[in-house]
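The stops below are given in the order in which to select them.

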Amino acid sequence: MARLFNGPAGTSSYDAANAKFNEVSSNDWTIFQFADVNDFKKKVDLSLAGNIMDCGECHVGGGAMEYVPFSDLTARIPLRELATTPGNGTQGALTSGNVTAFNYFIDVYDADADSNKTEALYIDYANAGVMEVDCFICHLDGYDYVKRREVLREARLDATRVVGAGIGTESDLPYGDTGFGTLVDYNANVQVAAGGE
């Protein structure tokens, strides 16, 4: 996993006499920034966005798949607002000019369909969506895990819930376009008119 936050490096040690780990606090909650995309590519195999697309296949979502972790849970920044909202103390908003493990990933699934599976891509969660908790994964018979995985690996994060549940389809907008991962087409047979039953 890529380095997420600034702070001194530290390792935990195991205290066998007391059967517990001695925790080392090495996190000051300020998001770590890589020098540039090339530095990111040299040091990162799996960033947060990459983790969402890879491990999110079996994860219901929520937590760090929706928010930037922070010691004060009431002050966490939603990933959707990462590019527009200053967060985690005095740090400013993180745009494509700020290369971090939160807003860049190694494109191993070719989300942008350019046949390059080694590039570092910027992800704007306002257009890709986030992994909100999807209760249907466990509670809907016939949930389509395969289709959800396909859409997830295209970084169409909001669309995963709709296509997995079978109530709609993802947009055909190319990666990075406005709403490419948040826009969906709902199936007419599951829609109910306002005020209807």
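Start with the lining of the second largest cavity, whose residues divide into seven nonpolar, one polar and three charged. In this classification Ala, Val, Leu, Ile, Met, Phe, Trp, Tyr, Cys and Pro count as nonpolar, Asp, Glu, Lys and Arg as charged, and the others, Gly among them, as polar. Select Leu79, Arg80, Glu81, Leu82, Ala83, Leu94, Asn103, Tyr122, Ile123, Asp124 and Tyr125 to show this lining. The volume of the second largest cavity is about 40 Å³.

A cavity here is a set of points, on a 1 Å grid over the protein atoms alone, where a 1.4 Å probe fits but cannot get out, and lining residues have an atom within 4 Å of a point. Points are joined across faces, edges and corners, and the volume is the space filled by probe spheres set on them.

The model is predicted: local features need pLDDT of at least 70 and side-chain atom pairs count only at pLDDT 80 or more, while totals for chains, interfaces and linings use all residues. Residues are numbered from 1 along each chain as its sequence is written, and side-chain values use heavy atoms, with hydrogens and water left out.

Next, select Ile31, Val68, Ile77, Leu82, Thr85, Gly87, Asn88, Gln91, Gly92, Ala93 and Leu94, which line the largest cavity. Its volume is about 60 Å³. Which classes make up this lining? Six residues are nonpolar, five are polar and none is charged. Counting cavities of 30 Å³ or more gives two.

Now zoom out to the whole protein chain. The C-alpha trace spans about 60 × 40 × 30 Å along its principal axes. Colour by secondary structure: the chain has six helices and eight strands, where helices (H or I, at least four residues) and strands (E, at least two) are DSSP runs numbered from the N terminus. Their order along the sequence is β-β-α-α-β-β-β-β-α-α-α-α-β-β. Of the 197 residues, 39% count as buried; buried means under 20% relative accessible area, exposed over 50%, and partly exposed in between (1.4 Å probe, protein chains only). Taking contacts (heavy atoms within 4.5 Å) between residues at least 6 apart in sequence, 55% join residues at least 24 apart.

Go to helix H5, residues 145–152, and show Arg148, Val151 and Leu152, which are buried. Looking down the axis of H5, the buried residues fall within an arc of 100°, so they line one face of the helix. That arc is taken from the directions from the helix axis to the C-beta atoms. The partners of these buried residues are helix H2 (48–55), helix H4 (136–139), helix H6 (159–165) and strand E7 (168–170).

Stay with H2. Six of its eight residues are buried, so H2 is largely enclosed by the rest of the structure. Select Leu48, Ala49, Gly50, Asn51, Ile52 and Met53 to see the buried ones. Their cover includes E5, helix H3 (125–128) and H5.

Move to Tyr14 in strand E1, residues 13–15. Tyr14 is partly exposed, at 48% relative accessibility. Leaving aside residues up to four places away in sequence, Tyr14 touches Ala19, Lys20 and Phe21.

Ala19 sits in the loop between E1 and strand E2 (20–22). Its phi is near 50°, a positive value in a residue other than glycine. Ala19 is exposed, at 55% relative accessibility. Ala113 also has a positive phi, near 55°. Look for Ala113 in the loop between strand E5 (104–106) and strand E6 (120–122); this residue is exposed, with a relative accessible area of 65%.

Finish with the cysteines. How many disulfides does the structure hold? There are zero, a disulfide being a pair of cysteine sulfur atoms within 2.5 Å. Select Cys58: the closest cysteine sulfur is in Cys55, 8.4 Å away, too far for a bond. Cys58 is exposed, at 69% relative accessibility. Then select Cys135, whose sulfur is 8.5 Å from the closest cysteine sulfur, in Cys138, again too far for a bond. Cys135 is exposed as well, at 51% relative accessibility.

How values were computed: 1 Å grid on protein atoms, 1.4 Å probe; cavity = no way out; pocket = protein on both sides within 12 Å on 5 of 7 lines; lining within 4 Å.
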